[in-house]
Each structure stands twice: as C-alpha cells, then as structure tokens.
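This briefing concerns a predicted model.

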Amino acid sequence: MALYKTRAVVLKSINLSESDRLITFMTETQGKIKCVAKGARKIKNQFWGALEPMSLIHLIYFGKEHQSLFRLNHSDIIESFQTIRDDFNKLYTGVYFLDLTDAMILEGHQEKKIFNLLYQSLAALNQQTELESLRRLFEIRLLKLSGYEPQLEHCVICRSAPGNGMIPFNYAHNGILCSTCSNRARIDTQFSTGTRNYIKKLLDVEIKTCERLKFPKSQTDEIEKMTHRLVLSHLGRELKSYPFIKNMAELNI
Ligand SMILES: [Zn+2]
C-alpha cells in the first residue's frame with residue numbers, strides 16, 4: 001500500500017451506495033485517478049464540501065501502485081471557485097472544462113501540465129468576464145497535451161509553406177495543406193491566416209491574460225468550428241456539456 005499526497009481538481013463525483021461516492025480527480029502528480037470516498041454522503045463527514053466537482057483540494061489517498069481504484073483518506077479544500085458556481089455562463093464553461101479533461105485524458109497519463117492547464121483555466125474563469133478566448137484556449141491546449149496538436153506551420157504532407165489566401169485543413173491528417181497537396185487530400189475546412197495566427201497565440205499566451213486577446217467577430221466562428229471539430233475527431237463523440245456553452249455563447253449571456 002502506498003499513501004499519496006497531492007493537490008487535485010475534482011472532475012466528477014457519483015454516488016456508489018447510500019453512503020459512498022466514487023470521485024474522479026485530476027491530480028498534480030499522479031495524473032487522473034479514481035477514489036472511493038467511504039461515508040462521503042453523510043453530511044457531517046469531513047470530506048463533505050471538498051468533493052464537489054471543480055474544487056481545488058489537498059488530497060490524500062492510498063492504494064496499491066498501478067491499480068485503477070484508490071481509497072480516499074483525506075481532503076481539504078483550497079479553492080472552491082465560488083464565482084464560477086454563482087454565474088451560469090461560467091458554471092457551464094467550468095463543467096465543460098471538467099468534462100473535456102475527463103473524456104480526453106486517460107488514467108495513468110501523468111502529465112503535470114494537464115493539472116496546471118485545468119487549474120489555471122478555472123482560476124482565469126473565476127476572474128474573467130469575456131470567456132470566448134478562454135474556452136478556445138482550453139480546447140486547443142488540452143488537444144496539444146494529449147498529443148493531438150494540429151500542424152499549423154507547414155503542409156502536414158509535404159512540409160512546404162502554405163500559400164497565400166485561405167488555408168486548407170485536413171482533419172484526418174490533423175494539419176494544414178499546401179496548394180499542391182490540397183488537390184490530393186480532402187479539404188475539410190479552410191481558414192484565414194488571421195485565424196491560424198490566433199490559434200497559435202492561444203497556444204502561447206499566459207492563461208490569466210488571454211481575455212486581452214481580441215479578435216474579429218468573423219474569426220470567432222472559424223476558430224470555434226476548428227477547435228470543436230478537432231475535439232470531436234479526437235473523442236469520436238459530442239460532450240453533453242458542449243451544447244450548453246454553445247447556446248450561452250450564441251445568446252451572449
Ligand atoms: Zn503539401
């Protein structure tokens with residue numbers, strides 16, 4: 001048996017029995033893990049409150065190495081992100097971040113950068129009011145960290161520089177095409193150089209300042225379509241929380 005101590009974000013919490021819960025965490029040092037929390041449904045239990053999805057906590061758990069299910073020992077809340085919980089638009093965006101992380105990241109994938117991305121994005125969501133850049137930033141960076149970064153520098157087939165004008169993109173190859181290769185490979189979508197540069201900025205900018213990235217409304221759809229389609233082709237399915245944030249964005253709530 002080993003005892004693990006780490007910071008973690010609560011991704012998901014489901015009831016297992018009358019008193020127990022099964023909690024999924026994105027931990028700082030051990031990747032995504034699942035723990036059984038015995039007695040967590042009893043209101044006076046010490047775990048209560050620190051196991052709500054989105055909370056950042058100090059987590060102590062134990063179990064055998066390489067097993068898939070652990071036992072929760074102790075959890076202390078560090079940050080509950082209350083501002084996110086109080087605002088529907090932020091709440092749905094936060095839930096989308098959690099869903100996307102849970103769907104895209106496998107257990108045992110120990111990459112501290114994924115925890116940092118999730119934690120810093122929730123902290124930014126707690127502070128920021130313009131959420132569009134942050135949503136797109138989160139999608140594209142999570143794709144990158146799960147090994148699915150699109151090739152935007154040069155043609156994904158022959159490595160030559162893209163031509164002028166609209167840039168063709170192929171989802172199966174996950175990259176842009178030059179004019180020659182676009183005659184052979186399918187063009188799934190096209191976007192402007194401005195959109196390409198914006199996506200590159202999203203990969204580069206400090207998360208807490210991404211709200212300052214302003215881009216023309218005409219590019220919003222191109223970027224959204226691009227990142228969302230990449231997520232879809234990676235996951236093979238739509239996330240339940242996605243239509244909610246899409247509606248919110250369209251209503252401009
Ligand atoms: Zn080419």
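Helices α4 and α5 are roughly perpendicular to each other, because their axes cross at roughly 75° and angles of 65 to 115 degrees fall in that class. Helix α5 also lies across the strands β6, β7 and β8.

**Helix pair**
- Helix α4 spans residues 132–145 and helix α5 spans residues 193–204; their axes come within 9 Å.
- On the α4 side, the contact is made by Ser133, Arg136, Leu137, Ile140, Arg141 and Lys144.
- On the α5 side, Tyr198, Ile199, Leu202, Leu203 and Asp204 take part.
- The residues of this contact comprise 6 nonpolar, 1 polar and 4 charged.

**Sheet**
- An open sheet is formed by 3 strands in the order β7-β6-β8, with antiparallel pairing.
- Strands β7 (175–176) and β8 (189–191) are at the edges with a single partner strand each, so one side of each has no neighbour in the sheet.
- Strand β6, residues 167–170, pairs with β8 over 3 bridges in the antiparallel sense.
- Phenylalanine 169 is placed opposite threonine 189 of β8.
- The direction of α5 is at about 85° to β8.

**Cysteines**
- Cysteine 155 counts as buried because its relative accessibility is 1%, and buried means under 20%.
- Cysteine 158 has 38% relative accessibility and therefore counts as partly exposed.
- A search of the whole structure returns 0 disulfides.

Technical notes: Residues are numbered from 1 along each chain as its sequence is written. This is a predicted model: local features need pLDDT of at least 70, side-chain atom pairs count only at pLDDT 80 or more; totals for chains, interfaces and linings use all residues. Side-chain values use heavy atoms; hydrogens and water are left out. Axes are lines fitted to C-alpha atoms, for helices over the stretch in contact, and angles run from 0 to 180 degrees between N-to-C directions. Helices (H or I, at least four residues) and strands (E, at least two) are DSSP runs, numbered from the N terminus. Angles under 35 degrees count as roughly parallel, over 145 as roughly antiparallel, 65 to 115 as roughly perpendicular and the rest as oblique. Contact means heavy atoms within 4.5 Å. Ala, Val, Leu, Ile, Met, Phe, Trp, Tyr, Cys and Pro count as nonpolar, Asp, Glu, Lys and Arg as charged, and the others, Gly among them, as polar. Two strands pair if DSSP finds at least two bridges between them. A disulfide is a pair of cysteine sulfur atoms within 2.5 Å. Buried means under 20% relative accessible area, exposed over 50%, partly exposed in between (1.4 Å probe, protein chains only).
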